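This note is written for a colleague who is new to the structure shown below. The points are numbered and may be read in order.

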Amino acid sequence: MSDRSTIFALSSGRPPSAIGVVRISGPNAGVALKALIGRIPEPRKAALARVRDPASGEVIDEALALWFPGPHSETGEDVAELQLHGGQAVIAGAFAALGRIEGCRAAEAGEFTRRAFQNGKLDLTRVEGLADLIAAETGAQRRQALRQLKGLIGERAEEWRRELIEALALVEARIDFSDEGDVPENLIEPALFVAQQLRSKIAACLTDGGRGERLREGLVVAIAGPPNAGKSTLLNRMARREAAIVSPYPGTTRDVIEVHLDLEGYPATLLDTAGIRESSDPVEQEGVRRARERAATADLILWVTEASADEATTDEFGQRAMKSEVWSIRNKIDLVAGGLSKTESPLVKDRINRSFAISAWSGLGMDSVAGALAAFARNYFAAGESALVTRLRHRQAFEGTIAALDRALGHGATGREELIAEDLRSAATILGRLTGRVDVEDILDVIFRDFCIGK
Ligand code: GDP
């Protein structure tokens, strides 16, 4: 349903800032612009303008004004943009003036992009790419988001859907004209051949080991080990020494500490499992359960022990996290006079891929841990750098398409044409949901929920 209101929002960061970009989109964008600056500038050319409150005539600010008449604008509607000074009162003044203009109202989160989608400017995968680009914290995440915004998965999916529809047309031709003499007999075989080819192409995209999804979320590195081994100290040191650290924040419960690291462009979340404690608060218990689950599926575990300790024993957590790579971190080497004599406990040893000796307290040996982490991330992501699938939604769409294709292929060349057509049609529909071609009202809210206001 197209909403005929004209929306406006601050699209730049929170005031005060040097410049505040206010965007206006909708049928009355031109009216609004004229009311505020007295004229409509030449399309797509920046114009210096005095912005006035239309009611009082008072000058609010001097700004750059831009005019993008639809449909060749970001939303597909008429769009005006004011680059004001980013002061609180300036923006408030402009908003008050805009709010009084007929048909104008403040935009909801993601509403500009939603209109762009509804006007066919962006398919759903590009909308997601845009959301990812805004959320990207590292270079590799940015590159992946930009590829998706440029249509890497969307264009491929559309191409496949077109091929599917052509195959479907063959089957339907066979059904519709089966009584007439001039329709060739063997239309089903070529249709199934196309379905088979498509199936392999789509299946190939799913063999990326989830790298694309992982790149969006980041590798999970869990710090584990016995109490007092120095886990929190290690996390703090890594958080501090990493110049590229993005955002330290408490995790799902206030006891679980997570920091986001930028490992030479690749994202990682470092978890301190020392913070995962039992709690009597049911909300926290749920948080603890999730944190444990998350840590147990970590890509890498840094198993921290005291270098002077007799033996490192694995705990319940260590047992559960069987799939991860484990690195042994012998900590507090500053306390060990004659160097390291103790060896790893047999239980842990079996699973250890690498060993480091450090002092989290003095920083000794930390360079090699940091370097190894960066190499680990590089290795992990290198193969998946151009992964098509970046979300579970994509994976499910591809899996659903494959399942429908399998059903179609299962009927065989001598199968009932109506059934083959039905399954090919359902494959095309599932694929169409990926780009938002068909029937997606129900997923729109989920996708646009992640957007900020002004986007
Ligand atoms: P956690 O329980 O594993 O998180 O351990 P903490 O990080 O809280 O550290 C336990 C104690 O060991 C604290 O008093 C730290 O200051 C100390 N500690 C941590 N790392 C080192 C280290 O490399 N050398 C020395 N001498 N003490 C350390």
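1. In what follows, Ala, Val, Leu, Ile, Met, Phe, Trp, Tyr, Cys and Pro count as nonpolar, Asp, Glu, Lys and Arg as charged, and the others, Gly among them, as polar. This is a predicted model, in which local features need pLDDT of at least 70 and side-chain atom pairs count only at pLDDT 80 or more, while totals for chains, interfaces and linings use all residues. Residues are numbered from 1 along each chain as its sequence is written, and side-chain values use heavy atoms, with hydrogens and water left out.

2. The sheet. Six strands form an open sheet in the order β3-β4-β5-β2-β1-β6, with mixed pairing. (Helices, H or I of at least four residues, and strands, E of at least two, are DSSP runs numbered from the N terminus; two strands pair if DSSP finds at least two bridges between them.) Its edge strands, each pairing on one side only, are β3 (47-52) and β6 (104-106). Neighbouring strands are turned by 30° against each other on average, direction ignored; axes are lines fitted to C-alpha atoms, for helices over the stretch in contact, and angles run from 0 to 180 degrees between N-to-C directions.

3. Strand pairs. β3 runs antiparallel to β4 (residues 59-68), joined to that strand by 6 bridges, and Leu-48 faces Leu-64 in β4. The antiparallel pair of β2 and β5 has 8 bridges, with Gly-20 opposite Leu-84 in β5. β1 and β2 are also antiparallel, over 4 bridges; Ala-9 has Arg-23 in β2 as its bridge partner.

4. Loops. The loop between β1 and β2 holds Pro-16, and the peptide bond from Pro-15 to Pro-16 is cis, with omega near 0°. A cis bond, again with omega near 0°, leads from Gly-70 to Pro-71, and Pro-71 is in the loop between β4 and β5. Arg-44, in the loop between α1 (29-37) and β3, has phi near 60°, a positive value in a residue other than glycine.

5. Contact means heavy atoms within 4.5 Å. Helix α3 (residues 111-118) lies across β1, β2 and β6, at about 135° to β1.

6. α3 gives the largest share, 3 residues. The lining divides into 3 nonpolar, 2 polar and 2 charged residues.

7. A helix pair. α14 (residues 392-410) and α15 (residues 417-435) pack at about 170°, with axes 8 Å apart. The two helices are therefore roughly antiparallel, a term for angles over 145 degrees. Among the residues that meet are Phe-398 and Leu-405 in α14 and Ile-420 and Leu-431 in α15. The residues of this contact divide into 11 nonpolar, 4 polar and 4 charged.

Key:
Parallel < 35°, antiparallel > 145°, perpendicular 65-115°, else oblique.
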